[in-house]
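Subject: The structure I promised you

Hi there,

Here is the structure we talked about, so please open it up and keep it beside you as you read.

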Amino acid sequence: MDPIRVIVQNCVGCNLCVKACAYDAIALTGPVGAREGKPTAVIDLVKCTLCGACAEACKRYKAIVITRTTFKGQDVKAYAGICVFAEHRRGKLASVVPEIIGAARELQKELSAPVSAILVGNGVRGYTEELRSYGVDEVWMIDDPSIGDFDEDVQAELVAQILMEKKPEIFLGGGTVVGRSLLPRVAAKILTGLTADCTELSIDPSTMFLRQTRPAFGGNIMATILTQNHRPQMATVRHKVMKPADRVGNPSGKVLELTHIPVPTSKLEFLEFVEEKTSTVNLVEADVIVSGGRGIKDPKNFALIEKLALATGGAVGASRAAVDAGWIPYSHQVGQTGKTVKPKVYIACGISGAIQHLAGMKGSDMIVAINSDPNAPIFDVAHFGIVGDLFQVIPELVKQLENGT
Amino acid sequence: MKIIICIKQVPDTTNVRINPETNTLVREGVQSIINPFDVYAIEEGVRLKEKYGGTVTVITMGPPQAAEALRESISLGADAAYLVSDRAFAGADTLATAYALACAVKKLGGDAAAPAGGIDVILMGRQAIDGDTGQVGPGVAENLDISHVTDIRRIEEIADGRIVVERLLEEGYARIAARLPVVLTVVKEINTPRLPSLKGKLAARKAEIPVLKAVDIGADTERLGLNGSPTQVMKIFTPPKPGGGKKFTGEPAQTVGAFLSELTAAGITIRKR
Amino acid sequence: MNYFLTDDQKMIKDLAAQIAREKIAPIAAELDESQEFPWDVVKTLAQSDLFRVFIPSEYEGLGGGMFEMCLVVEELSRACSGIALAYAASGLGTIPIILFGNEEQKKKYLPRLAAGEILAAFALTEPGAGSDAAGIKTTAKPDGDSFVINGTKQWITNGGEASIYTVIGLTDPERGVRGSSAILVDKDHPGFTFGKKENKMGIRASATRELVFQDCRVPRTSLLAKEGMGFLVAMKTLDQSRPGVASQALGIAQGAMDKAVEYSRERHQFGKPISAFQGIQFMLADMATQVEAARALTYAAARSIDAGEKDVSRLSAMAKVFASDTAMKVTTDAVQVLGGYGYMKEYPVEKMMRDAKITQIYEGTNQIQREVIALGLIKESVRGKR
């Protein structure tokens, strides 16, 4: 049975569903239905994402029916609590961890349930203090010398075991390189749902489900996703998207060491780690970012961007257009498929402001745009826009900054 | 060496726009392309074949038109391609997709007793530009019960069933060894993909691309498509358009001056201290 | 305008256009400045099988002909004719082997040329023999089972980069032109060296060098066709390759016109885009008409050759003359449309104008071409034909 059907005898051919569909998946090409002379809706199952916008639009005639079933999930009622993955590597917790704890504590307000953290590795008891200081109520820990920082297969197995034992209803991880590799493996082990790169997490007041909202189609639209029948509801959140948790005055969290869970041997062999002090790290943490886009016209003109970055003490970023053209390495790319940044000041030079780029920087405190096209979309998000030739404006800006005028 | 590349045909999201009147996606004129990250995976697969011998097979789970992407893969050097396509797959999230692809890989490997059916290396791009999740690779590996490593920027060597790779992390890279079979997701740093060749295009034109349905890959239908998807999209909306701020037009000396004055007035400084 | 290309021809044209866009256009200005030889592009063309398009399938080619080669040269030249010349000149150097090589010579060179592993070159011109090709002085004295070559060839495209050279020399100086022969010489053969790379006005990414032969001894088996057939080899080769030069000029003209049209829409003066002014419109219209006419002539000549038409000299001369004159006019007009910006190296059209000039000069000057056309007409009239 098709998951979505049009009930022809109810359809009046009013076209509301066609207008509501973001995927161009409905057309009025069916046989005449309830209203004389009006062709009925036909749904292209290939394009349809079952988002339900059409059924919503057809509330009056109830001509579109979606049958949502899933394979049998976990016993939802047995799951409670909000858990986060305490990612760590080479001596410190990942910088995203305080942010997902912050998100968990926000959800805690609606759910009134404890916030826990899963911490697995070697020598990790050293992080428990910090986790508790962010308001984690319970740290579920496995501290074992055989668990290497890079033994992701072992970590995934242990995380899955802990989740199945402790049964939190929500499990959050960072949308980091490791998070985006480990959490999907865990979700596949447990057979539950995982939503990547959420920009918003909230609790639906009537169902108490976790509403997971994320950009889709390169950021052109937003989608809200639910994991109804499976637990835990897993989600990842990228660095610099959510606010970090405040430190608590009197940390009262407990640490539970789960020594009864056997630690498997890794099938991966860690050889070495090579640190590369690229400006990447500086980019994400920088207070000021100066970015160049297609308007730079030539790779050698990135020197101008660098000059302005130097004058402002900032880092150099780039749009996808500049990176794809080979003008600057991918590590500088800001956007949907690059880095998400939240600096105090973001100066976009010669960047048109495509949705994919905005997705990576629109959280910046202050956005400044320099572009010769007064109609460039970037001016819609910029707090300050300078319309002009960047080859003249940037040197002028550098000059005035340096002269202290 | 038996290599399988999993690709996805995606709309070129850089060109997708919202119709401001109807607030819907404008998909006309937006081309369907091979997911750019997967093109790097195809290139790496072909390079592995050139270095170690063997075959490169490309598969995709998608609608009938996805066969175009498979033909393009052949013009880029792949030896064979299969389209994993069935109404039963519709509405699949990453869990259901990973399950279906894993079944297909095992079936194509042919050796029911061997892990991954006898396939040695499974490659794909780190993420698809329409979904951006990066979840299918690890999911496929879990379903096949084999190792996976994501974000590969270099395959150093393969010898005696052991592969050494460089994995790109935020602050550098890790050198990791794994035993075959393995799933690897690749980043753009890994290579520069070749352009198609004429011989490749001729082969692609003639190629027969078999379609594998749910029954052909021995999948449990409960785990496929919408039914096999714990996550479901409940609502789609266009992000609210933010309002613009102050715009300065005129001679650079004036506009820059005015801009800096505004900052000072607002107590903001961008000068390097 | 639809020229009714076959699917295979469309495929070749589209792939060449893709390479031009992605690999040639981004480096055109840089190589024009540095005069560096585009080996990376050659590698890409080789890997994409484009060197195979004019080589018979028995020798690992794809079995196409001059028309397919022209499609490639045109698309590559739109992005940069200097870079395109590495391919086109190798084509020119391959033709003598295809037309006159014996089985052994074809087997030795054609597969490697098809794979783009090596490049070829054609050497006729000398310091004292340009249009007057019969005035060549390079000798290739028969000596037992070898030829000993002495002399200098001038302005040879791909000189120093190509691996195989077809050299026209005098095996029997007494007999003048009828004593000339075509001989294959490998690069690095003892007695064969190169002069310095010429510093040119245009097509600067192509390599142009003198070939210097000093007692260069080559085996008899290097002889193409028979002794005394050198000039015939040369003339037949140039007849075949002439549409190639025409398509190079055509590509330049098309590329320049595209830039002019694009610019005319963006540039605003007197409150309008300059494309709104009839003066510009008329210029663009004339450019487009001439380019299309050049294309029609070039394609007709190439197709004639591939169809095996006997007398192709006149048509291919017309194509070369018209296309190259068109390229010169169109590029000059393109610079004019871009005005002051057109004169600046930052914008691509001044390079195209510098590139276009050579197409009126080499592979038979346009004056020689006109002579060929005129003499052909007259001969026909004498015979009473229409």
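Predicted model: local features only at pLDDT ≥ 70, side-chain atom pairs only at ≥ 80, totals over all residues.

Let's begin with a pair of helices in chain C. Ala327(C), Met328(C), Thr331(C), Thr332(C), Ala334(C), Val335(C), Leu338(C), Gly342(C) and Tyr343(C) of helix 9 meet a set of residues in helix 10, namely Val349(C), Glu350(C), Met352(C), Met353(C), Ala356(C) and Lys357(C).

Helix 9 of chain C covers residues 313-343 and helix 10 of chain C covers residues 349-357; they pack at an angle of about 155°, and their axes are 8 Å apart. Because angles over 145 degrees count as roughly antiparallel, helix 9 of chain C is roughly antiparallel to helix 10 of chain C. The crossing of helix 9 of chain C with helix 10 of chain C is left-handed.

Chain C has another pair for you to look at. Helix 4 (residues 66-79) and helix 7 (residues 230-266) of chain C pack with their axes 7 Å apart, at an angle of about 30°. Since angles under 35 degrees count as roughly parallel, helix 4 of chain C is roughly parallel to helix 7 of chain C. Here the crossing of helix 4 of chain C and helix 7 of chain C is right-handed. On the helix 4 side of chain C the contact includes Met66(C), Met69(C), Cys70(C) and Val73(C), and on the helix 7 side of chain C it includes Gln240(C), Pro243(C), Gly244(C) and Ser247(C). In this contact of helix 4 with helix 7 of chain C, nine residues are nonpolar, eight are polar and three are charged.

Now over to chain B. There you will find six helices and 15 strands, and the C-alpha atoms of chain B fill a box of roughly 75 × 45 × 40 Å along the principal axes. Of the 273 residues in chain B, 55% are buried. Among contacts in chain B with a separation of 6 or more, 68% come from residues 24 or more positions apart.

Is Gly118(B) buried or partly exposed? It counts as partly exposed, because it has 16 C-beta neighbours inside 10 Å. Leaving out residues up to four places away in sequence, Gly118(B) touches Lys2(B), Gly109(B), Gly110(B) and Asp111(B). Gly118(B) and Lys2(B) are 116 residues apart along the chain, yet their C-alpha atoms are separated by 7.6 Å.

Chain A is divided into domain 1 (4-66), domain 2 (76-257) and domain 3 (279-403). The C-alpha centres of domain 1 and domain 2 of chain A lie 39 Å apart.

Finally, how do the chains meet? Two pairs of chains are in contact, and chains A and B share the most contacts. Seven residues of chain B are in contact with 12 residues of chain C; on the chain B side, three of them are nonpolar, one is polar and three are charged. Chain A and chain C are joined by no contact, and their closest C-alpha atoms lie 9 Å apart.

Happy exploring, and write back with any questions!

Notes: Residues numbered from 1 in each chain as written. Chains lettered and ligands numbered in written order. Nonpolar A, V, L, I, M, F, W, Y, C, P; charged D, E, K, R; others polar. Helix = DSSP H or I, 4+ residues; strand = E, 2+ residues; numbered from the N terminus. Buried ≥ 20, exposed ≤ 12 C-beta atoms within 10 Å, placed from the backbone. Axes fitted to C-alpha atoms, helices over the stretch in contact; angles between N-to-C directions. Parallel < 35°, antiparallel > 145°, perpendicular 65-115°, else oblique. Left-handed = near helix turned anticlockwise from the far one by under 90°. Domains from an automatic or database assignment.
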